[in-house]
Amino acid sequence: MTPTALAGLDAAILDYNGVLGLQPSTGMWTRLADLAEWPHRHLPSFQDAFWAPRNAYDAGELSDLAYWAKVLGHHPGSRWLRTLRAADTAMWTRTDPRVLDILYRARAAGLPMVLLSNAPAHLSDVLDATDWRRELMTDALYSARLGLCKPDPAAYEQALAATGVTDPGRVLFVDDREDNCRAAAELGLRTLHYTGQPADLEQQLLPTPANSPFF
């Protein structure tokens, strides 16, 4: 019997940032603020400006230019825009090797996995080109391509359809945001609110026979 069978799982749906992806460091935020020529290098106000239009950007409602114009309060030139976009993207592409190790073992055990991420278009393209995305994920759904963000129920419905599993109770959804997990649970998905502890993820995806409630 495979570990996935022991877990009672037929598939998993995984968030990217905060689960596979590491959060940006303070140094990365400071560098981006410097590139944005933010007044007085005041990081909290820059982060507020960065996040305010982010949901619309992630949902594909804003272009790169429109997003950064809202952050900066004016339109950047084309070269400046490319610099900002590259630095922004680089902040979200570092992955946690501990999580990847667990996912590779789960995939080797036969568990289908689908990525469901709130991400703008350029970052989506970069993630799709990574080795782990091609090797681990049977499909990847990004908010910019869906035209909607988690916790919109339609995002989970499309991800569930991508797994090919009809019973949501046999699919585990993993996210670092509690509100996203609540929305998934309302649709019948099993959920793991990931708080940065790989052992929690391992227990859900690769339980030992003695610890599995389904054994």
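Colleague: How many bridges join strand β2 and β3, and in which sense do they pair?
Modeller: This is a predicted model. In it, β2 covers residues 113–117. Leu115 stands opposite Ala140 in β3. The β2 and β3 pairing is parallel, and the bridges number four.

Colleague: What is the order of the strands in the open sheet?
Modeller: The sheet has five strands, with parallel pairing. Neighbouring strands are turned by 20° against each other on average, direction ignored. The order is β3-β2-β1-β4-β5.

Colleague: Which strands stand at the edges?
Modeller: Look for strands with a single partner. Each of these has one side left without a neighbour in the sheet, because its one partner takes the other. They are β3 (139–142) and β5 (190–193).

Colleague: Helix α13 packs on the sheet; what angle does its direction make with that of β5?
Modeller: Helix α13 spans residues 198–205. It touches β1 (11–14), β4 (171–175) and β5. With the direction of β5, the direction of α13 makes about 165°.

Colleague: Are helices α2 and α6 roughly parallel or antiparallel?
Modeller: Helix α2 is residues 26–35 and helix α6 is residues 78–91. Their axes lie 10 Å apart, at an angle of about 170°. Angles over 145 degrees count as roughly antiparallel. Therefore α2 and α6 are roughly antiparallel.

Colleague: How many residues of the contact of α2 with α6 are nonpolar?
Modeller: From α2 come Met28, Trp29, Arg31, Leu32 and Leu35. The α6 side includes Trp80, Leu84 and Asp88. One residue of the contact is polar and two are charged. The nonpolar ones number nine.

Colleague: Why does Pro112 count as partly exposed?
Modeller: Pro112 sits in the loop between α7 (97–108) and β2. Buried would mean under 20% and exposed over 50%. Pro112 counts as partly exposed because its relative accessibility is 23%.

Colleague: How far apart in space are Pro112 and Asp139?
Modeller: In sequence they are 27 residues apart. Leaving out residues up to four places away in sequence, Pro112 touches Asp10, Ala11, Ala12, Arg107 and Thr138. C-alpha to C-alpha, Pro112 and Asp139 are 9.0 Å apart.

Colleague: Which element gives the most to the largest nonpolar core?
Modeller: This core has 49 residues. Leu20, Phe46, Trp68, Leu103 and Leu205 touch the most other members. With five residues, the element that gives the most is α7.

How values were computed
Residues numbered from 1 in each chain as written. Predicted model: local features only at pLDDT ≥ 70, side-chain atom pairs only at ≥ 80, totals over all residues. Heavy atoms only, no water. Pairing = 2+ DSSP bridges. Helix = DSSP H or I, 4+ residues; strand = E, 2+ residues; numbered from the N terminus. Axes fitted to C-alpha atoms, helices over the stretch in contact; angles between N-to-C directions. Contact = heavy atoms within 4.5 Å. Parallel < 35°, antiparallel > 145°, perpendicular 65-115°, else oblique. Nonpolar A, V, L, I, M, F, W, Y, C, P; charged D, E, K, R; others polar. Buried < 20%, exposed > 50% of the residue type's maximum accessible area, 1.4 Å probe, protein only. Core = buried A, V, L, I, M, F, W, Y, C linked by side-chain atoms within 4.5 Å.
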